[in-house]
Amino acid sequence: MDYEQFKVQIYNLTHIDLNAYKERQMKRRIDALISKHKFEGYEPYVAEICKNSKLFEEFINYLTINVSEFYRNPEQWRNLENEMIPYLIQNFGNRLRIWSAACSTGDEPYSLVMALSKFMPLNNIKIIATDIDRQVLEKAHVGLYNQKSLEGVPKEFVTKYFNKIGEKNYQISDEIKKCVEFKQHNLLLNPYPENCDMIVCRNVVIYFTDEAKNQIYQKFNQSLKKGGILFVGSTEQIINYRELNYSTVKSFFYKKN
């Protein structure tokens, strides 16, 4: 079995389309994983992940990019709090529909809840948070983080919304957890949430081909209300934003026209 056949087998098994990823990078990651387990190529590996659930989960986890931290790129979060949230409240009211796409271990949607808590009571806040990887969603539900993940969190929020567990770990409070609804979702395959006031998708789309990126940004545009905001990562400025029906509001923030 060659890599092309492997991609077909994986799609049949998982509905994850490996063609949407940059091939050299993804193939190298997968080959390294197969070598680690000492399989002689793709065929025996696929046969094994079909019957070994632990190996299957490890493979899915390996496909996804799970680098995450609270308030990543603090300056952008300041712009969100100082300008974007007031704009959203003024235009859409104080019960905002926000989607955190490819949310990884929950750091981002929980950061959104804390940022919004400065403007409205927690029972007004509901974030939809999605990721393709079931394992990271399980971690997000648990809400246990190490000290390093919390370095960007304002001190008053660490005190207010986290419980220290042991020496170096913190668990986020249930009152914050209740504001987030986690769901499994494939950006390339599944229907997108509708009528969003804001979509946050950061440091994920860089791993896709240009064609897949455009497809995702177009679908985000369709999901947003007119005037809704797309918040992207610090390495993801959208060069062809006009063609995709956006205008720029601020670096890394795009508005649906």
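**Helix packing and selected residues**

Guide: Tyr3, Phe6, Gln9, Ile10 and Leu13 in H1 meet Tyr42, Tyr45, Val46, Ile49 and Cys50 in H3. Contact means heavy atoms within 4.5 Å. Helices (H or I, at least four residues) and strands (E, at least two) are DSSP runs, numbered from the N terminus. This is a predicted model: local features need pLDDT of at least 70, side-chain atom pairs count only at pLDDT 80 or more, and totals for chains, interfaces and linings use all residues. Residues are numbered from 1 along each chain as its sequence is written, and side-chain values use heavy atoms, with hydrogens and water left out.

Visitor: How many residues of the contact of H1 with H3 are nonpolar?

Guide: Sort them by class. Ala, Val, Leu, Ile, Met, Phe, Trp, Tyr, Cys and Pro count as nonpolar, Asp, Glu, Lys and Arg as charged, and the others, Gly among them, as polar. The contact of H1 with H3 has no charged residues, one polar and, as nonpolar, nine.

Visitor: Are H1 and H3 roughly parallel or roughly antiparallel?

Guide: Helix H1 (residues 3-14) and helix H3 (residues 42-51) have axes 10 Å apart, at an angle of about 10 degrees. Axes are lines fitted to C-alpha atoms, for helices over the stretch in contact, and angles run from 0 to 180 degrees between N-to-C directions. Under 35 degrees counts as roughly parallel, over 145 as roughly antiparallel, 65 to 115 as roughly perpendicular and the rest as oblique. So H1 and H3 are roughly parallel.

Visitor: How do H1 and H2 lie, roughly parallel or roughly perpendicular?

Guide: The axes of H1 and helix H2 (residues 23-36) come within 12 Å. They cross at roughly 80 degrees. That makes the pair roughly perpendicular.

Visitor: How many charged residues are in the contact of H1 with H2?

Guide: H1 brings Tyr3, Glu4, Phe6 and Lys7; H2 brings Glu23, Met26, Lys27 and Ile30. By class there are four nonpolar and no polar residues, and the charged ones number four.

Visitor: Is lysine 177 buried or exposed?

Guide: Lysine 177 sits in helix H9 (residues 174-177). Beyond four places in sequence, lysine 177 touches Tyr110, His141, Val142, Gly143, Gln171 and Ile172. Its relative accessible area is 19%, so lysine 177 is buried.

Visitor: Which residue has its backbone oxygen 3.2 Å from a polar side-chain atom of lysine 177?

Guide: A polar contact is a pair of N or O atoms within 3.5 Å; within protein, one must be able to donate a hydrogen and the other to accept it, and residues adjacent in sequence count only if both atoms are side-chain atoms. Here the backbone oxygen belongs to histidine 141.

Visitor: What is the relative accessibility of asparagine 73?

Guide: Asparagine 73 lies in the loop between helix H4 (53-63) and H5. Its phi is positive, near 60 degrees. It counts as partly exposed, at 24%.

Conventions:
Buried < 20%, exposed > 50% of the residue type's maximum accessible area, 1.4 Å probe, protein only.
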